[in-house]
Amino acid sequence: MARTLAIIKPDGVLRGLMGEVIKRLEVNNLKIIAMKMLHMTRDQAEGFYAVHQERPFFESLTGFMSSGPVVVMVLEGKNAISLYRDLMGATDYREAAEGTIRADFATDIEKNVVHGSDSPETAAFEIGYFFNRFEIPA
Ligand code: GDP
């Protein structure tokens, strides 16, 4: 069993896509073991995306991620990290495979509806960024 962090980004929440994203997780055997809605400050978004701080889109990305509420979830399942990344589709929705969340709903390379951890190390950092040990089953 693996765990990963999923986020429904501000565009996904604003456009009423929470139910659609959650349904896709559930039908694909990704168990939601923790979930909450929160509105990040700019500082919190910068800390979350610290690995991207040298990228030209860092300012824009952290502004977007702190522009409205997001839903953060811990997903658990067999190969959860790669399975969820497959469900999300490529970062750039124009390159995302048919039937993926980003191919179906993203409108922009930045406003791409969802986030998912890309490795076990990243997942551990990202889950710990939003959830304390009382909020996730042992
Ligand atoms: P992910 O793991 O598929 O989310 O992709 P990355 O880790 O490479 O990038 C993190 C997030 O930054 C993406 O999900 C996008 O929201 C945003 N992003 C990535 N590339 C670009 C870009 O070229 N321009 C802008 N504005 N945003 C980008």
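The questions and answers that follow set values against definitions.

User: What kind of model is this, and how are residues numbered?

Analyst: This is a predicted model, where local features need pLDDT of at least 70, side-chain atom pairs count only at pLDDT 80 or more, and totals for chains, interfaces and linings use all residues. Residues are numbered from 1 along each chain as its sequence is written, and side-chain values use heavy atoms, with hydrogens and water left out.

User: Why is threonine 4 called buried?

Analyst: Buried means under 20% relative accessible area, exposed means over 50%, and partly exposed lies in between (1.4 Å probe, protein chains only). Threonine 4 has 0% relative accessibility, so it counts as buried. Threonine 4 is in strand S1, residues 2–8. Strands here are DSSP runs of E with at least two residues, helices are runs of H or I with at least four, and both are numbered from the N terminus.

User: What surrounds threonine 4?

Analyst: Contact means heavy atoms within 4.5 Å. Neighbours within four places in sequence aside, the contacts of threonine 4 include Met73, Val74, Leu75, Tyr84 and Ile127. Ser117 is also among them.

User: What makes the pair of threonine 4 and serine 117 a polar contact?

Analyst: A polar contact is a pair of N or O atoms within 3.5 Å; within protein, one must be able to donate a hydrogen and the other to accept it, and residues adjacent in sequence count only if both atoms are side-chain atoms. The side chains of threonine 4 and serine 117 make such a contact at 3.4 Å.

User: How do you know whether alanine 45 is buried or exposed?

Analyst: Its relative accessibility is 1%, so alanine 45 counts as buried. Alanine 45 belongs to helix H3, residues 42–48. Beyond its neighbours within four places in sequence, alanine 45 touches Met40, Thr62, Met65 and Ser66.

User: Why is serine 82 called partly exposed?

Analyst: Serine 82 has 40% relative accessibility, so it counts as partly exposed. Serine 82 lies in helix H5.

User: Why does threonine 100 count as buried, and where does it lie?

Analyst: The value for threonine 100 is 7%, so it is buried. Threonine 100 lies in the loop between helix H5 (80–88) and helix H6 (101–105). Its contacts outside four places in sequence are Arg24, Asp86, Leu87, Met88 and Gly89.

User: What makes the phi of asparagine 29 worth a remark?

Analyst: Phi of asparagine 29 is near 65 degrees, a positive value in a residue other than glycine. Most residues other than glycine have a negative phi. Asparagine 29 has a relative accessible area of 65%, so it is exposed. Its place is the loop between helix H2 (18–27) and strand S2 (31–38). Asparagine 79 also has a positive phi, about 50 degrees.

User: Which residues are around the ligand?

Analyst: Near means a heavy atom within 4 Å. The residues around the ligand include Lys9, Phe57, Leu61, Thr91 and Asn112.
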